[in-house]
Amino acid sequence: DGVVNGCPSHLLEPERLQKIQYSEDFSQSSWAKTSASITINSIISPDGSLNASKITEDSTLNNHRISVNGLIGSGTHTITVFAKANDRNWLLIRNAANNAWFDVSNGVVGTVQSGTGSIENYGNGWYRCSVTMSSLSTPAIGISDNNDSYSYQGNGTGSLYIFGAQAEQGSYATSYIPNYGTSAGITRSAETATGAGDASTFNDSEGVLMAEISALEDDLTFRRLTISDNSYNNTIDILLTNNSNEIRVLVRDNTVTTSQMSYTVNSVVEFNKIAFKYKSTSSSLWVNGLNVVNIADIFTLPFLTDLSFDRGDGTSNFYGNIKQIQYFDSALNDSDLET
């Protein structure tokens, strides 16, 4: 239905704790019902199973929602849920007395009273809706008759479908972590990719490292991929920086940064093709087929043995999507780099 675009990508995400105890079974008593009822196993969910629930409003003049009473947390949190329209098409996510509305028929974020809302098409009428706020307090999922409508006269039959609720500490949503009843929550460990190649793979005097990558968020943290000697002493480093939408390439020789090039793209959350060419007399940075920075330098970096999605020593992990990595053990010409 047009949801999947282009090639798949390798996804690396940070450690996150799913704080909702029953993320799929909304009939559990840990979900308090307010003028709403839940019918479990009503429709096929985004994971392909018959395990999505229907939330139905009653006939009172009230807000119509389910909530996790007593679930609180300090610091920025993101709440997400999958939703699909039925008789109603407005989903409500509530947190700390602040509301956000989502049109899950047309894929539109409505009014967001506090924080930031987003919506993502998962196909077959399903959308993943999320809201990021400055704290977590009694997260709730509800149904509404319109945008910016919290309390309304229910008709007893209005409904939509929900699946896979998640509450996690962080400024953006990560992929869904199911929890089938663990009260302390479920932790997904950080994902890393290290140890590709060896000394015979990489040319110490010239070559090209190319990566097609996107960030999970423009969150102003350092996220790196490197060719190194398995340390941070000698590295060729492609990184997303603590400046918004900035891509940087740097070379470290015996712990000293000898070359550095930076370029600002439209969005690091979108895929960008980044290529760094190095040789004995010069280096250049290419972004999306364009030569954006050139430096005349003497490249003498020794002992390149390892490709990893960190800075070479296991820190500053890259979190994001990786569509492709290419390495060439000779310095390509401009037309090849453009291609």
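Trainee: In which sense do strand β7 (residues 64-67) and β16 pair, and over how many bridges?

Mentor: They pair in the antiparallel sense, over 4 bridges. Two strands count as paired if DSSP finds at least two bridges between them. The elements themselves are DSSP runs numbered from the N terminus: E for strands (at least two residues), H or I for helices (at least four). To find the pairing on screen, look for S67, which stands opposite A140 in β16. Before going on, keep in mind that this is a predicted model: local features need pLDDT of at least 70, side-chain atom pairs count only at pLDDT 80 or more, and totals for chains, interfaces and linings use all residues. Residues are numbered from 1 along each chain as its sequence is written, and side-chain values use heavy atoms, with hydrogens and water left out.

Trainee: How many bridges join strand β10 (residues 90-95) to β16?

Mentor: There are 5, and these two strands also run antiparallel. Here W90 has S144 of β16 as its bridge partner.

Trainee: Which way do the residues of β16 point?

Mentor: The general idea is that side chains in a regular strand alternate between the two faces of the sheet. In β16, A140, G142 and S144 point one way, while I141 and I143 point the other way. Buried means under 20% relative accessible area, exposed means over 50%, and partly exposed is in between (1.4 Å probe, protein chains only).

Trainee: Why does Q18 count as buried?

Mentor: Because its relative accessibility is 0%. Q18 sits in strand β2 (residues 16-18). A polar atom of its side chain lies 3.0 Å from the backbone oxygen of A165. Leaving out residues up to four places away in sequence, Q18 touches several others, among them A165, Y176, N179 and I186; contact means heavy atoms within 4.5 Å.

Trainee: What is the volume of the largest pocket?

Mentor: Rolling a water-sized probe over the atoms shows where empty space is left. On a 1 Å grid over the protein atoms alone, a pocket is an open set of points where a 1.4 Å probe fits, with protein on both sides within 12 Å along at least five of seven lines; lining residues have an atom within 4 Å of a point. Points are joined across faces, edges and corners, and the volume is the space filled by probe spheres set on them. The largest pocket comes to about 1300 Å³. Of its 34 lining residues, E120, Y122, L216, V269 and N321 are closest to the centre. β13 gives the most to this lining, with 7 residues.

Trainee: What is the volume of the second largest pocket?

Mentor: About 240 Å³. The second largest pocket is lined by 16 residues, with M210, D336, L337, E338 and T339 nearest its centre. Elements supplying at least two of its lining residues include β20 and α1 (334-338).

Conventions: A polar contact is a pair of N or O atoms within 3.5 Å; within protein, one must be able to donate a hydrogen and the other to accept it, and residues adjacent in sequence count only if both atoms are side-chain atoms.
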